[in-house]
Structure formats: C-alpha cells, structure tokens
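Work through the exercises below with the sequence and the coordinates open beside you. Each task is followed by a solution that goes step by step.

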Amino acid sequence: MMNPDLQDKLFERFPWAEAKDPNTGKGLGYLTPCWCGDGWFQLIWNMFEEIENVYKAKEVPIDVVIWEIKEKYASMQTVLCKGVAGIHDVTEKYERLSEEVCESCGSQGRVRDMFGWLTVYCDTCFETESAKKPKFRYFDANGNLL
Ligand SMILES: [Zn+2]
C-alpha cells in the first residue's frame with residue numbers, strides 16, 4: 001500500500017479520485033486504494049492530470065470512478081468502474097510506462113523476478129530487496145524457521 005502521506009497529497013490535488021461505496025456510490029472521504037509502492041506516486045499523479053485533461057477537452061465534469069490502482073504482473077493496473085471514452089487509453093499508457101519505473105523509489109527500473117514474484121525495481125532497490133528476502137528457508141523437524 002502506498003504511504004498514507006502520499007495518498008493524502010494525491011487526494012488533496014485530485015478530490016475526484018475519492019474511494020466510493022460500491023453500493024451507494026457515496027464518497028468515503030479518502031483516496032481510492034493504491035496497492036502499489038511509493039515509487040509510482042509520480043506516475044499516478046501524471047495519470048490523474050491526463051484523465052482531467054480528457055474531461056477538459058470534452059468540456060464535461062469529471063465523473064470517473066476508480067475502483068483501485070494496483071500492481072499486477074509488474075505493471076500498474078487502474079481498475080475503473082466509470083469513465084468516458086478515452087480514459088482507457090490513458091490508463092493503458094500508464095500501465096506500459098510503469099513497467100520501467102521502480103515501484104520502490106521511482107527511478108528508472110525494469111521487471112525483475114523476485115523469487116517468483118514479478119516487480120519493477122531499479123538496480124539499487126533490486127539489490128536491497130534481494131538481500132532482504134532469503135532465497136531458501138530451512139525448517140527444523142518441528143517446523144520452526146532456522
Ligand atoms: Zn528503486
């Protein structure tokens with residue numbers, strides 16, 4: 001989950017990206033959930049600006065509803081419940097762009113295989129994360145981690 005301070009920043013600038021109750025459509029008072037690392041903050045910011053521009057160009061009020069933004073197969077997926085034509089082009093563009101942005105720090109990165117889990121990391125974050133997670137785990141006869 002993205003750092004709450006960063007989520008607040010996005011919510012302050014883009015109040016229309018509020019999480020909505022799925023049944024009533026009522027705003028919940030916080031940003032739609034961003035299930036990704038802090039490194040994608042700028043990507044989301046830019047994507048929201050472009051979404052706004054789609055509406056500006058059409059001269060209609062923003063009525064997009066984003067269900068969630070998440071990392072899946074090492075790219076940023078934006079799940080929409082509602083939005084005008086043209087929004088999907090924007091979210092697909094950012095899905096592609098995210099494959100080269102480190103999810104942890106936002107630097108230029110590439111897709112890495114983290115012990116069977118695909119994530120985008122720059123060289124530095126890849127080294128840090130690789131060192132953190134042991135490649136193999138050993139257990140004693142009682143199932144305790146050694
Ligand atoms: Zn990084």
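Predicted model: local features only at pLDDT ≥ 70, side-chain atom pairs only at ≥ 80, totals over all residues.

## Exercise 1: the setting of Val111

Solution. Leaving aside residues up to four places away in sequence, the contacts of Val111 are Ala74, Glu99, Leu118, Thr119 and Val120.

## Exercise 2: aromatic pairs

Task: find how many aromatic pairs the whole structure holds, and classify the geometry of the rings of Phe14 and Trp45.

Solution. The search over the whole structure returns 5 aromatic pairs. For Phe14 and Trp45, the ring centres are 5.1 Å apart and the planes stand at 80°; since planes over 60 degrees apart count as edge-to-face, the pair is edge-to-face. This pair joins distant parts of the chain, with Phe14 in the loop between helix H1 (4-13) and strand S1 (18-20) and Trp45 in helix H2 (residues 41-58), 31 residues apart. The accessibilities come next: Phe14 is buried at a relative accessible area of 0%, whereas Trp45 is partly exposed at 21%. Both residues belong to one aromatic cluster, formed by Phe14, Trp16, Phe41, Trp45 and Phe48.

A further ring, that of Phe126, has the charged end of Arg112 sitting over it, 4.7 Å from the ring centre.

## Exercise 3: the zinc site

Task: identify the protein donors of the zinc ion, and decide which geometry the site of the zinc ion has.

Solution. The donor atoms are the SG atoms of Cys102, Cys105, Cys122 and Cys125, which lie 2.3 Å from the zinc ion. The angles among the 4 donor atoms run from 104 to 118°; because four donors count as tetrahedral if all angles lie between 85 and 135 degrees, the site is tetrahedral. Read in sequence, the donor residues follow the spacing C-x2-C-x16-C-x2-C. Cys105 lies in the loop between helix H3 (87-98) and S6, and Cys122 in the loop between strand S7 (117-121) and helix H4 (123-132), so this pair ties together parts that are 17 residues apart in sequence. Cys105 is partly exposed at 40% relative accessibility, while Cys122 is buried at 6%.

Gln108 is also found in the loop between H3 and S6, and at 62% relative accessibility Gln108 counts as exposed. Not counting residues up to four places away in sequence, Gln108 touches Glu100 and Cys122.

## Exercise 4: the chain as a whole

Task: state which pattern the protein chain follows along the sequence, and what share of its residues count as buried.

Solution. The protein chain has 4 helices and 7 strands, and their order along the sequence is α-β-β-β-α-β-β-α-β-β-α. The C-alpha trace spans about 65 × 35 × 25 Å along its principal axes. Of the 146 residues, 37% count as buried, and the chain exposes about 9,000 Å², of which carbon and sulfur atoms supply 52%. Among contacts with a separation of 6 or more, 46% are between residues 24 or more positions apart.

Notes
Residues numbered from 1 in each chain as written. Heavy atoms only, no water. Contact = heavy atoms within 4.5 Å. Phe/Tyr/Trp six-rings, centres within 6.5 Å; stacked < 30°, edge-to-face > 60°. Helix = DSSP H or I, 4+ residues; strand = E, 2+ residues; numbered from the N terminus. Buried < 20%, exposed > 50% of the residue type's maximum accessible area, 1.4 Å probe, protein only. Lys NZ or Arg CZ within 6 Å of the ring centre and 35° of its normal. Donors = N, O, S within 2.8 Å, 3.2 Å for Na, K, Ca; no water. Tetrahedral: all angles 85-135°; square planar, octahedral: opposite > 155°, others 65-115°. Areas by Shrake-Rupley, 256 points an atom, 1.4 Å probe, with all protein chains shown as cover.
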